[in-house]
Amino acid sequence: MPMIQRFTCLILLTLLVAGCANPRRLLREAEILEQEGMRARAFEAYSAIYNDHSDARALVGMRRVAQAQLEEQFRDAQTRCMRGDFENALADYERAYRYAEQHRDLELRIPVNAEGQQVQCRSDFVKSLYGRAEQAVRDERFDEAKNLLDRLRRIDRSHREAEYLALLCDIIPHYNLGIKAYQLGLYRDAYSHFLEVTRLAAGYRDALALRDECMSKSKVTMAYL
C-alpha cells in the first residue's frame, strides 16, 4: 500500500476512534471531576456525554452535580446572612433560585427551609438598615440616613417607621435652623423654617406655636421699621 494511502487510512481510523469514544470511559472521567470537587467541569462533561450519546447515566450525573451546586449556593447564602452580610446573602438567594430555574428540566429540589431562611434574612436586613438609619438621624447625619432608608424601602415599601424617619430627615434640619434664627432675632427666616416644619408635620414639637410667634414678631418688627 502506498505511503499516502496508509497515512490517509491512519487519519480516518483516528477520527473513527475519536468519534466513537467509549461513553463508559467518558463517564468515569466525569465522575473523577465530580469527586475532586470540580463540579462545573463535571457538569459540562456529563452534559457533553448526554448530548453525544443520550446516555441516561450522564443525565443522572448532571442532576446529581446540579443538585449539589444548588444546595451549596443556598448554604453560602445562609452563611453570609448569619455573618450579617445581608445584601450579598439576598443576592446569593436570588442567584440560587435562578440556577434552579435555568435547570428546571433536571427537576432540582429547593431545600425545604430555603424560603423561610430567605424571608428571615430579608427581615434581618431591614431591621439592620432601620437601626443604622435611626442612629444616623440621632447623630444628625441626615444624608447617610436618607441613603440607608432608600435601600430599606427598595426591600420593604410598606415600612411605616421608615417613612416617618425619612420625614424627620427633612423636618429636623428646618426645625433646628428655625430655632437658631429665632434666637438671633431673625424672625422672618425662622418663620420660613417653622412653616416648612408644620407643612411636613403640623404636630412636630412646638413648631406651630413658634411659627405663629415668629409671624407676630416679624409683623411688629416691620411695623416698627
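Two residues are in contact here when they have heavy atoms within 4.5 Å of each other. Keep that in mind while you look around this protein, which is a predicted model.

**The overall picture**

The protein has ten helices and zero strands. Read from the N terminus on, its elements go α-α-α-α-α-α-α-α-α-α. There are 225 residues in the protein, and 32% of them count as buried. If you take the contacts between residues at least 6 apart in sequence, 51% join residues that are at least 24 apart.

**Two helices side by side**

Now pick out helix α6, residues 114-138, and helix α7, residues 142-155. Two packed helices are described by the angle between their axes and the distance between those axes. For α6 and α7, the angle is about 160° and the axes lie 8 Å apart. An angle over 145 degrees counts as roughly antiparallel, so that is the label for α6 and α7. As for handedness, α6 passes α7 in a left-handed crossing.

Which residues of α6 and α7 meet? On the α6 side they are R122, F125, V126, L129, Y130, R132, A133, A136 and V137. On the α7 side you'll find F142, E144, A145, L148, L149, R151, L152 and I155. Sorted by class, this contact has 13 nonpolar residues, four charged ones and no polar ones.

**A bridge between cysteines**

How many disulfides does a search of the whole structure find? The search turns up one. This disulfide joins C81 to C121, with an S to S distance of 2.3 Å. The pair links distant parts of the chain: C81 sits in helix α4 (residues 56-82) and C121 in helix α6, 40 residues apart. The torsion about the S-S bond of C81 and C121 is about 120°, so the disulfide is right-handed.

**Buried or exposed?**

Are C81, C121, C169 and C214 buried or exposed? The cut-off you need is that buried means under 20% relative accessible area. Here are the values for these cysteines:

| Residue | Relative accessibility | Class |
|---|---|---|
| C81 | 8% | buried |
| C121 | 1% | buried |
| C169 | 3% | buried |
| C214 | 0% | buried |

Terms used:
Residues numbered from 1 in each chain as written. Predicted model: local features only at pLDDT ≥ 70, side-chain atom pairs only at ≥ 80, totals over all residues. Heavy atoms only, no water. Axes fitted to C-alpha atoms, helices over the stretch in contact; angles between N-to-C directions. Helix = DSSP H or I, 4+ residues; strand = E, 2+ residues; numbered from the N terminus. Parallel < 35°, antiparallel > 145°, perpendicular 65-115°, else oblique. Left-handed = near helix turned anticlockwise from the far one by under 90°. Nonpolar A, V, L, I, M, F, W, Y, C, P; charged D, E, K, R; others polar. Disulfide = S-S within 2.5 Å. Buried < 20%, exposed > 50% of the residue type's maximum accessible area, 1.4 Å probe, protein only.
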